[in-house]
Amino acid sequence: MKKTTFMLSAVLASNLLLSSAVLAEIHEPSASLEKEHVLSIQELPQPVKDSLDKLYVYKPELKGLPIKITQTKDPVFSINQYSLDFKNDPTMIQAIIGQDGTLHYFQMDKPDKKSERRPSDEEAIKKAKEFLTVIYGSNSNYIVSHVTNGGYTSTDRDGKESVRAYASVIFIPLVNGIPYDGSFFLQIDVNQAGEVVNYFNRNDRIDPKDFPIAKNVLSKEEAEKAFLQSLTMNLYYEDEETVRGTTDPKNVRTILKYQPQMKPIDAVSGKPVEENIAYTQHTINKPVTGQGKVLQASNAKEATALLKSELGIQVDGLTYREDGDGIKRAKLYEWTTKDELVYGVQTTDKGEVIQFGALSVHNPDKMKGEEKIPRDEAAVKALDTIKKYLPTYVKEVQVNYTEENYPHWVDKNNIPKNNILLVSFRELHDNIPIMTRSVDVWVNLGTGAVEQVFLPPSINSELPDASKRITKEEAVKSYLAHHPLQLQYVWPHYFDRKAEKPILVYAPQTKHVAEYVDALTGQIVRPYE
């Protein structure tokens, strides 16, 4: 949720930038709500009252609090829903309940309560299931898919850092007694004290008749063989892996990892299944001579000059704003046109530039257009532009960009046009890409212009000896030993577009997006824990 705390320093410290896909997911629950009608509890439909009573059972202290209740229309299903705002400063307590009594959202954020470490998976699952039992009467219609890390680190203007950590428990529904791993799910965030701080119901309407019956399926052994053949293990270096919320050097290490890239296996045919849009990954190594140019900006004047000299962007006369952490030199210099195109320069606390150009490349509404330049040509042009920023020791880079392959059930005419291509140039060591040393470039496929550049902060780490790594086959076996295959349903989708019907597949029982196999030990690692 949107926080009032000052976040820029935490973002810069972690070297994190939000992708367009991530930005699209970040929103307030009420952002899509339409015209409001204020109501009293007595005016609520009975199913909504029943759902509110269940919240009172879970947190009895809510019953004595005044509530502002507004009625709105769900923009997707065009049905009434009710937003409840409990008045209890400084604690933020909100809920959204559908007209049928379905609890879609619940938040109980206590800014004065510490939660510096998240609970264990076992404790978080226990507390999340207790919450489900209160709200639904049982938790037997869902199973735990996985548990991830949640929370944030913030710094106030006096330099005081605070950590709010919680565990996010992801539940998926059961259909015909089989897990349905779709685009909709339940997420319950549990803090250190075992309290539910966030609840999201992203469930779609499910009709069991739409789902195929499990018959003539492969044996688990046959499915494992097919899965092993399709599973890809990409080998990468990373300069830094840190524990979330800490800056202690002992929690920072260099790593060599195998990152799994997998596809479910059709439970009948044994063929790999694309769960959503398929991307063709274009990867090629290119020779290059790095020129070692370092960009610095300590004020708006220098940032203005940098945009003009490096990308030919003129920002004089545009609306200007500046953001920073109030303590160090980390800054974001930003200019906006009358058409709301945003240009910017972002620096670290040392004044080193890590991002500059058109920040609007992440907004498809601002970057519409037709592709006129082939993607391979755009990648070559981008390399020619950024080679001056590469260290002088770099003689070769791995070039990466993708191309969308839309399945037949996606109407390409209804897809917003975005003529921006992201090209990544990664340094190589022993012919292995270093993910933390990647220069990212956004190229306009209509004009060929470089719109934005991201430069990784300078890191001089001693990388692990790759000759001591395990084989890819050993990494695959290690992964599968920790994540046995399970029969489940998937429904291929692309945003709100879905395939004609769901598919019965074999896939790992649990998934962790950031999880990898340590290439030196063979251990499964979940970062930030």
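Is aspartate 430 buried or exposed in this model? Aspartate 430 counts as exposed, at 53% relative accessibility; by that I mean over 50% relative accessible area, with buried being under 20% and partly exposed in between, using a 1.4 Å probe and protein chains only. Hold on to that residue, we'll come back to it.

Some housekeeping before the tour. What we have here is a predicted model, so local features need pLDDT of at least 70 and side-chain atom pairs count only at pLDDT 80 or more, while totals for chains, interfaces and linings use all residues. Residues are numbered from 1 along each chain as its sequence is written, and side-chain values use heavy atoms, with hydrogens and water left out.

How confident is the predictor? The mean pLDDT of the protein chain is 84, and 85% of its residues reach 70 or more, where pLDDT is the predictor's confidence in each residue on a scale from 0 to 100. One is residues 1–34, for which the model has 58 contacts beyond four places in sequence, a contact being heavy atoms within 4.5 Å. The other is residues 242–248, with eleven such contacts. Where pLDDT is low, the predicted coordinates should not be read in detail.

Now the overall picture. Of its 529 residues, 47% count as buried. And of the contacts between residues at least 6 apart in sequence, 64% join residues at least 24 apart.

On to the helices, starting with a pair. Helix α3, residues 46–58, packs against helix α4, residues 121–136, at an angle of about 145° with the axes 8 Å apart. The axes are lines fitted to C-alpha atoms, for helices over the stretch in contact, and angles run from 0 to 180 degrees between N-to-C directions. Lys54, Leu55, Val57 and Tyr58 of α3 make the contact with Phe131, Val134 and Ile135 of α4.

What about α4 by itself? Its 16 residues reach 22 Å from first C-alpha to last, close to the 22 Å expected at 1.5 Å a residue; the expected span is 1.5 Å times one less than the number of residues. Buried in α4 are Asp121, Ala124, Ala128, Phe131, Leu132 and Ile135. Down the axis, these buried residues fall within an arc of 100°, so they line one face of α4; that arc is taken from the directions from the helix axis to the C-beta atoms. Just after α4, glycine 137 takes a positive phi of about 90°.

If you want the background, an α-helix has 3.6 residues a turn, so residues three or four places apart point the same way.

Helix α5, residues 220–230, has Ala223, Ala226, Phe227 and Ser230 buried. They cover an arc of only 100° around the axis, which puts them on the same side of α5. Turned away from that buried side is a face with the exposed residues Glu221, Lys225 and Gln229.

Then α7, residues 375–386: the end C-alpha atoms of this twelve-residue helix are 17 Å apart, which agrees with the 16 Å it should span at 1.5 Å a residue. Its buried residues are Arg375, Ala378, Ala379, Ala382, Leu383, Thr385 and Ile386. Seen down the axis of α7, they fall within an arc of 160°, so they line one face.

Glutamate 340 sits in the loop between β16 (331–336) and β17 (342–347) and counts as exposed at 52% relative accessibility. There's a cis peptide bond too, joining aspartate 89 and proline 90, with omega about 0°. Proline 90 is in the loop between β3 (80–88) and β4 (91–98).

Last, two strand residues. Glutamate 427, in strand β20, residues 420–429, is buried, with a relative accessible area of 8%. Beyond its neighbours within four places in sequence, its contacts include Tyr393, Ile434 and Arg437. Isoleucine 503, in strand β26, residues 503–508, is partly exposed at 23%. Isoleucine 503 and glutamate 275 are 228 residues apart in sequence, yet 9.4 Å apart in space, C-alpha to C-alpha.

Definitions and conventions:
Helices (H or I, at least four residues) and strands (E, at least two) are DSSP runs, numbered from the N terminus.
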